[in-house]
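Notebook open, structure loaded. I'm jotting down what I look up as I go.

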Amino acid sequence: MTIPLQDLSLRTPIDGRHRQMLIGGEWRDAVSGRTFETRNPATGGVIATVPQSDAKDIDLAVAAARRAFEGPWSRFKPYERQVLLLKIADVMERHWEELALSDTTDMGMPITRTLANRNRVLGMLRFYAGMATSIHGQAIGNSLPGEIVSYTRKEPVGVVGAIIPWNAPTAASIWKIGPALATGCTIVLKPSEEAPLTPLLIADLMQEAGVPPGVVNVVTGTGAEAGAPLAAHMDVDKVVFTGSTATGQAILRASAANMKRVSLELGGKSPVIVLADADIERAVPVAAMSVFANSGQVCIAGSRLFVERPIYEEFVERVAAFAAKLRIGDGADPETEIGPLISPKQLERVSGFIEDGAREGARLVTGGTRITEGALAAGNFMTPGIFSGVTDNMRIAREEIFGPIISALPFDTLDEAVRRGNDTPYGLGAGVFTRDVGKAHQLANRLRAGSVWVNTYHAIDPAVPFGGYKMSGYGREGGSEHLEEFLNTKGVWIRTD
Ligand code: NAD
């Protein structure tokens, strides 16, 4: 299968063109006129320039979102919002190859994966469309004297600021826009400066679907110049953030001035626990790809691989053999299984972890080398790797690497696996491989993580809540709890006698 570029409408700026951003239904440049370049991580080539926004642009976008929130959008009935969300899903479905190619070109994820995300992302939109007509308060009896009726109403929280990372731009955008529109909020979305193109394409498709001006605004820029003023803005009612824990903390501090509501999807250092009774044939590829998918640039990467001692050596060897066979290349090539890292800076950072791992006494069984020769030398490529002989206190076992590197650790008892698995400031995901249903339940109950996967990994569905424990953040995406994040509850009292 190949993607015939000439068949696409080429709204996706893979040709170095300038793209504008969408504020209040109009395509505009930054007030300052400044721009920045975005590059293809597989080639290092510039693929587009986009506006470099600052607080002035954020002010305009928030004002547009406020006008829309208080204007005609507030009169959209739930059914009308539902129809709109379904229309957006249909438009995105028609342009899915273009969206997939845009993500692949801007952030490197293999095209097979970006294409395969289709049902998940469109499913989110259709799920939220369904939810739009299910939002309701409650009639609640009270014990006051006299005749007073009391009930609750669910109301949209208002203007939402959404700040997303670069590692899955389409899905991250829709996980913010979907619930905002379902609940009747308006949104200002600030994509990552590393991968701003697909969110701009999505803005274009929103217009095609008939989203009213100002309901969805997409503003490009850096975290410091555009993200921070959005997080601190006094007229933003809520910030939804996905990104690193350090930035999440900054956003939380910035939110204090007007007490805006915040939900945070942050980093992780997820344990994968393989018991000696596991089906090893099945466990090896799943455990390996829990990290190597998207070159390890996945928040839920199962980067601490705990293996019960009797099968430890064999399991590590088999993961290493699996890693060595993965095809590395430009994500646009349908044969590619492992694409590049997002940037030279990220490549440098991951290389630093590999040096530290070796210095602290871990053994690199395979991979972890930069590709510096041949056709891939211009991109940010690294071979997928696994460290053996890792101990819990090493930096590679404690910090989020966000690269294609597994740290493998042996363990002896279930209690020990639970204690060490939970011994991290994070709590996003956890994996378990076992054939013993009792142990599966015990581990699912005792691991302190927002998602626990048994004999599988990466399973995510719009109907099932996803999010973090501890420093992986709070709030949930997916499921009915997600909509609650975008709603206020009002108590109403009416005296009837
Ligand atoms: P990042 O925190 O550096 O940036 C994320 C976004 O925040 C970007 O848009 C950036 O411009 C913006 N930003 C940076 N500083 C800011 C500030 N002071 N104020 C406001 N906005 C600011 O993260 P990243 O490097 O883009 O992404 C990788 C991180 O995201 C990893 O830690 C990963 O685990 C996490 N992540 C979490 C999830 C999840 O669902 N939990 C999903 C994907 C990624």
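This is a predicted model: local features need pLDDT of at least 70, side-chain atom pairs count only at pLDDT 80 or more; totals for chains, interfaces and linings use all residues.

I start with salt bridges, and my cut-off is a side-chain nitrogen of Lys or Arg within 4 Å of a carboxyl oxygen of Asp or Glu. Residues are numbered from 1 along each chain as its sequence is written, and side-chain values use heavy atoms, with hydrogens and water left out.

**Salt bridges**

How many salt bridges does the rule give? I get 29 salt bridges.

I looked up E335 and R327 first: their side chains form a salt bridge at 3.9 Å, N to O. For burial I use relative accessible area with a 1.4 Å probe and protein chains only: buried is under 20%, exposed is over 50%, and partly exposed is in between. R327 has a relative accessible area of 43%, so I log R327 as partly exposed.

Next came R370 and E348, whose closest N and O atoms are 2.6 Å apart in a salt bridge. R370 sits in the loop between β13 (363-366) and β14 (385-388), while E348 belongs to helix α12 (residues 344-359), so this pair ties together parts 22 residues apart in sequence. For the element names, helices (H or I, at least four residues) and strands (E, at least two) are DSSP runs, numbered from the N terminus. Both partners come out partly exposed: R370 at 34% and E348 at 48%.

R446 and D415 also pair up, at 3.0 Å from N to O. R446 is partly exposed, with 35% relative accessibility. I also found a network: R66, E70, D235 and D237 are joined by salt bridges that share partners.

**Whole chain**

I count 16 helices and 20 strands in the chain. The radius of gyration is 23 Å, close to the 23 Å that the globule rule gives for 497 residues, so the chain is as compact as a globular protein of that length. For the record, that radius is taken over C-alpha atoms, and the globule rule is 2.2 Å times the number of residues to the power 0.38. Along the principal axes, the C-alpha atoms fill a box of roughly 75 × 60 × 40 Å.

How much of the chain counts as buried? The answer is 57% of the 497 residues. I call it a contact when heavy atoms are within 4.5 Å. Among contacts between residues at least 6 apart in sequence, 74% join residues at least 24 apart.

UniProt, in an unreviewed entry, lists residues 27-491 as "domain: Aldehyde dehydrogenase". I keep in mind that its positions follow the numbering used here, feature names are shortened, and annotations may be inferred rather than shown by experiment. Over residues 27-491 I read 41% helix and 19% strand, with the end C-alpha atoms 40 Å apart.

The unreviewed UniProt entry also puts an "active site" annotation on E265. I find E265 in strand β10 (residues 261-265). Is E265 buried or exposed? E265 is buried, at 6% relative accessibility. Leaving aside neighbours within four places in sequence, E265 has contacts that include F241, T242, G243, L428, F466 and R476.

Helix α7 (residues 197-209) has 13 residues and reaches 19 Å from first C-alpha to last, close to the 18 Å expected at 1.5 Å a residue. The expected span is 1.5 Å times one less than the number of residues. Eleven of the 13 residues of α7 are buried, so α7 is largely enclosed by the rest of the structure. Just after α7, G210 has a positive phi of about 95°.

Helix α6 (residues 169-183) has 15 residues and reaches 22 Å, close to the expected 21 Å. In α6, 15 of the 15 residues are buried, so the rest of the structure largely encloses α6.

**Positive phi without glycine**

S295 is not a glycine, yet has a positive phi of about 55°. S295 lies in the loop between α10 (280-292) and β12 (304-308) and is buried at 3%. H458 is not a glycine either, and its phi is positive at about 70°. H458 is in the loop between β17 (451-454) and β18 (466-467), and is partly exposed at 26%.
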